[in-house]
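I opened this entry to look up helix packing and charged side-chain pairs. The model is predicted.

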Amino acid sequence: MYIVIIAWMYVALMMAVAEASHSQGTILGAIVTFLLYGLVPMALVVYIMRTPARREARLKAESEAQPSAATGNNGVTATESAPSDASKPADQ
């Protein structure tokens, strides 16, 4: 996947260089050419291609967070909790 992105960016860069070096071309035109033919389309392609990986990462994070939410008390189980006042000796 990355070889296609690198090749496309190379072509877009060469188009921008040709725009800038042409006698009637401008630097602003080269920047716009590079952005509209290079960065924006490739950012969209990478975003779409990475969707399954993002989904898997989200599901993994949710599954890891599931057990800690079930214990309550910020991850402290009932056996690890502090002793209650009933188990303390009475001072009278």
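**A glycine and its surroundings**

I then placed G29 in helix α2. I also took a C-alpha distance: G29 and A16 are 13 residues apart along the chain, and their C-alpha atoms are separated by 7.7 Å.

**Helix α1 against helix α2**

I next checked how the axes of α1 (residues 2-21) and α2 (residues 27-49) are arranged. They come within 7 Å and cross at roughly 170°. The crossing of α1 past α2 is right-handed.

I listed the residues that make the contact. From α1 they are I5, W8, M9, A12, L13, M15, A16, E19 and A20. From α2 they are I27, G29, A30, T33, F34, Y37, G38, L39, M42 and V46. I sorted the residues of this contact by type and got 15 nonpolar, 3 polar and 1 charged.

**Salt bridges**

How many salt bridges does a search of the whole structure find? I got 1. The side chains of E62 and R58 form a salt bridge, with an N to O distance of 3.8 Å. Both E62 and R58 lie in helix α3 (residues 51-71), 4 residues apart, which is about one turn of the helix.

I finished with the accessibility of the pair. E62 has 43% relative accessibility and counts as partly exposed. R58, at 47%, also counts as partly exposed.

Methods:
Residues numbered from 1 in each chain as written. Predicted model: local features only at pLDDT ≥ 70, side-chain atom pairs only at ≥ 80, totals over all residues. Heavy atoms only, no water. Axes fitted to C-alpha atoms, helices over the stretch in contact; angles between N-to-C directions. Helix = DSSP H or I, 4+ residues; strand = E, 2+ residues; numbered from the N terminus. Left-handed = near helix turned anticlockwise from the far one by under 90°. Contact = heavy atoms within 4.5 Å. Nonpolar A, V, L, I, M, F, W, Y, C, P; charged D, E, K, R; others polar. Salt bridge = Lys/Arg side-chain N within 4 Å of Asp/Glu carboxyl O. Buried < 20%, exposed > 50% of the residue type's maximum accessible area, 1.4 Å probe, protein only.
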